[in-house]
Amino acid sequence: MTSPTPRRKAVEPPIDSRAFDLLSLTMALVLGLHAPHLPWWLSMALALTLGGRWWQRRQRAGRVPRWLKLPLLALLTLAVIVEYGNIFGREPGSALAVGLLILKLLETETARDARVGTSFACFGLMTALLFDQGLVATVVVALGLLPALATLRSLEPGQAPTSLARGLLPGLALSAAALPLALAA
């Protein structure tokens, strides 16, 4: 009797540069929505991290090394605690969530990672409504969903790379289709 052979985990191929660019744009929009209520230094540090990762991915695909991610995670948590006194509440919770979202980009390399990051970015967009629930803020959050939807669409198997404007059109069409229901609500 032979013992069963262990199954190897299938290695997922890296996402293409268009999907990574759309994901980076989505995360930049989330950061931009939260920047007014974040400390300026945290917004700048997160923007530099996001820009640095985008540039690094343009040069060479691959995750950022673990020895760099773990100290950044500890530094983010410490910075939020020092700034706000704890990690609980609307302001510190949002700051931590946005920071974790940007740090998620450091390890995003596969379609699964990109889907998780996009879902987390949508949550980040919704948390912006904790600070302002006006009509303008709601429209801005809804428009922030367009690159998230384009990111998810670009991750579908068999999708040919398209221009940025062309990639945003299906999400815009979905948003337009949902508009009558939103107005009725």
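1. A pocket here is an open set of grid points with protein on both sides within 12 Å along at least five of seven lines. By that rule, the largest pocket has a volume of about 430 Å³. The model is predicted, so treat every value below as computed from a prediction.

2. Which residues sit closest to the centre of the largest pocket? They are Thr-138, Val-139, Ala-142, Leu-179 and Ala-182, out of 16 residues in the lining. Helix H6 (135-154) and helix H7 (164-184) each supply at least two lining residues. H6 gives the most, with eight. The lining of the largest pocket divides into 14 nonpolar residues, two polar and no charged.

3. The second largest pocket has a volume of about 190 Å³. Its lining is made by Trp-41, Leu-42, Ala-45, Leu-46, Thr-49, Leu-72, Leu-75, Leu-76, Ala-79 and Leu-103. Two elements give two or more residues to this lining: helix H2 (40-59) and helix H3 (66-84). The largest share, five residues, comes from H2. By class, this lining has nine nonpolar residues, one polar and no charged.

4. Now the overall fold. The protein chain has seven helices and zero strands. Read from the N terminus, the elements run α-α-α-α-α-α-α. The C-alpha trace spans about 65 × 45 × 40 Å along its principal axes.

5. Next, helix packing. Two packed helices are described by the angle between their axes and the distance between the axes.

6. Start with H4 (residues 90-104) and H5 (residues 111-127). Their axes come within 10 Å and cross at roughly 155°. Angles over 145 degrees count as roughly antiparallel, and H4 and H5 are therefore roughly antiparallel to each other. H4 passes H5 in a left-handed crossing. On the H4 side, the contact uses Ser-94, Ala-97, Leu-100, Leu-101 and Lys-104. H5 answers with Asp-113, Val-116, Gly-117, Phe-120, Ala-121 and Thr-127. The residues of this contact divide into six nonpolar, three polar and two charged.

7. H5 also packs on H6. The axes of H5 and H6 come within 10 Å and cross at roughly 175°. That angle makes H5 roughly antiparallel to H6. From H5, the contact draws on Arg-115, Thr-118, Cys-122 and Leu-125. From H6 come Val-141, Gly-144, Leu-145, Ala-148, Thr-151 and Leu-152. The residues of the contact of H5 with H6 divide into six nonpolar, three polar and one charged.

8. How do H6 and H7 lie, and at what angle do their axes cross? The axes come within 8 Å and cross at roughly 120°. H6 and H7 are therefore oblique to each other. H6 passes H7 in a right-handed crossing. H6 brings Leu-146, Pro-147, Leu-149, Ala-150 and Arg-153 to the contact. H7 brings Gly-167, Leu-168, Pro-170, Gly-171, Leu-172 and Ser-175. By class, the contact of H6 with H7 has seven nonpolar residues, three polar and one charged.

9. H6 gives eight residues to the lining of the largest pocket. H6 also meets H5 through residues including Val-141 and Leu-152. Its contact with H7 uses residues including Leu-146 and Arg-153.

Notes:
Residues numbered from 1 in each chain as written. Predicted model: local features only at pLDDT ≥ 70, side-chain atom pairs only at ≥ 80, totals over all residues. Heavy atoms only, no water. Axes fitted to C-alpha atoms, helices over the stretch in contact; angles between N-to-C directions. Helix = DSSP H or I, 4+ residues; strand = E, 2+ residues; numbered from the N terminus. Parallel < 35°, antiparallel > 145°, perpendicular 65-115°, else oblique. Left-handed = near helix turned anticlockwise from the far one by under 90°. Contact = heavy atoms within 4.5 Å. Nonpolar A, V, L, I, M, F, W, Y, C, P; charged D, E, K, R; others polar. 1 Å grid on protein atoms, 1.4 Å probe; cavity = no way out; pocket = protein on both sides within 12 Å on 5 of 7 lines; lining within 4 Å. Points joined across faces, edges and corners; volume = space filled by probe spheres on them.
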